Amino acid sequence: MANLHTYKPTPDLLKGRVILVTGATRGIGRVAALTFAAYGATVVLHGRDVSVLEKVYDEIRDKGYPEPAAIALDLERAGTRDFDGLAHAIESRLGRLDGLLHNAAHFEKLSALELQTAEEWSRTLQVNLIAPFALTQACARLLKTSPDAAVVFTSETHGHVPAPYWGGYAASKAGLEALMKIQAAEWETLANLRANAVVPGPVESPLRAKTHPGELAASRRMPENLMPVYLYLIGPDSRGVSGKIIAC
């Protein structure tokens, strides 16, 4: 695996590739979408809010990057047919898929387990774990036909090392890491497919502001600082690297 502290992607690293980014309207997802486009990818933007999706779409187009696509879907309410429909839309519009970044996330609140509800756990597990499973499954056929495809899961510190009061969110992210490892193992004999996960750590984002309201913004890294890691894992330079969890 490359030394990610010194990794420098080539300007055309993702040229000709189609990459789906979930949660592309804010935080790491938005920055990743813009970065992938800057390196030549045709980005499929996913989010819930059509108006915000359109803003990111326009930003990519105005910068002169490859024309993106945008697909709105509420992961909390989505089922198998919805995920299959999203994959079909990518195939019909773009004809291929070479990368998938699972970045959308749902967080309720910090509280003791005895104060959390089954409904809160259900919403959290649906967005953070079930949706990545179902979407990867729906897109697997497209990914398998790509000459080189990567799936990247964004995990979280408390999913990697569980802690009190993180409850359903930590459990969902721990499950996400297990999902990644299982998928990577099942693709072990397929040289063109790989799956890995990133644990970003403290990053300036709307979610971090919600989970750590008293934290100084200056103590958080900007999402842009993480992009070499995401570029490496989503691009061709990570071919042969699979089943890894990279903590930034």
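**View 1. Length and kink of helix H4 in the predicted model.** Helix H4 comprises 28 residues. From its first C-alpha to its last, H4 reaches 39 Å, which is close to the 40 Å expected at 1.5 Å a residue. H4 also contains a kink of about 50 degrees, and the kink is centred on Cys-139.

**View 2. Packing of helix H4 against helix H6.** The helices shown are H4, residues 118-145, and H6, residues 167-186. Their axes lie 8 Å apart and form an angle of about 15 degrees. H4 and H6 are therefore roughly parallel to each other, angles under 35 degrees being counted in this class. The crossing in which H4 passes H6 is right-handed. On the H4 side, the contact is made by Trp-121, Thr-124, Leu-125, Asn-128, Leu-129, Pro-132, Phe-133 and Thr-136. These residues meet Gly-167, Gly-168, Tyr-169, Ala-171, Ser-172, Lys-173, Gly-175, Leu-176, Leu-179 and Gln-183 of H6. By class, the residues of the contact of H4 with H6 are nine nonpolar, eight polar and one charged.

**View 3. Packing of helix H1 against helix H2.** H1 spans residues 27-38 and H2 spans residues 50-62. The two helices pack at an angle of about 25 degrees, and their axes are 10 Å apart. H1 is therefore roughly parallel to H2. H1 and H2 cross in a right-handed sense. H1 contributes Arg-30, Ala-33, Leu-34 and Ala-37 to the contact, where they meet Val-56, Glu-59 and Ile-60 of H2. The residues of the contact of H1 with H2 comprise five nonpolar and two charged residues, with no polar ones.

**View 4. Crossing of helix H1 with helix H8.** Helix H8 is formed by residues 227-234. The axes of H1 and H8 come within 10 Å and cross at roughly 60 degrees. This angle makes H1 oblique to H8. H1 passes H8 in a right-handed crossing. Ile-28, Val-31, Ala-32, Thr-35 and Phe-36 represent H1 in the contact, and Met-227, Tyr-230, Leu-231 and Ile-234 represent H8. The contact of H1 with H8 is made up of eight nonpolar residues and one polar residue, and no charged residues take part.

Terms used: Residues numbered from 1 in each chain as written. Predicted model: local features only at pLDDT ≥ 70, side-chain atom pairs only at ≥ 80, totals over all residues. Heavy atoms only, no water. Axes fitted to C-alpha atoms, helices over the stretch in contact; angles between N-to-C directions. Helix = DSSP H or I, 4+ residues; strand = E, 2+ residues; numbered from the N terminus. Parallel < 35°, antiparallel > 145°, perpendicular 65-115°, else oblique. Left-handed = near helix turned anticlockwise from the far one by under 90°. Contact = heavy atoms within 4.5 Å. Nonpolar A, V, L, I, M, F, W, Y, C, P; charged D, E, K, R; others polar. Expected span 1.5 Å × (residues − 1). Bend = angle between axes of the 7 residues up to and from the residue.
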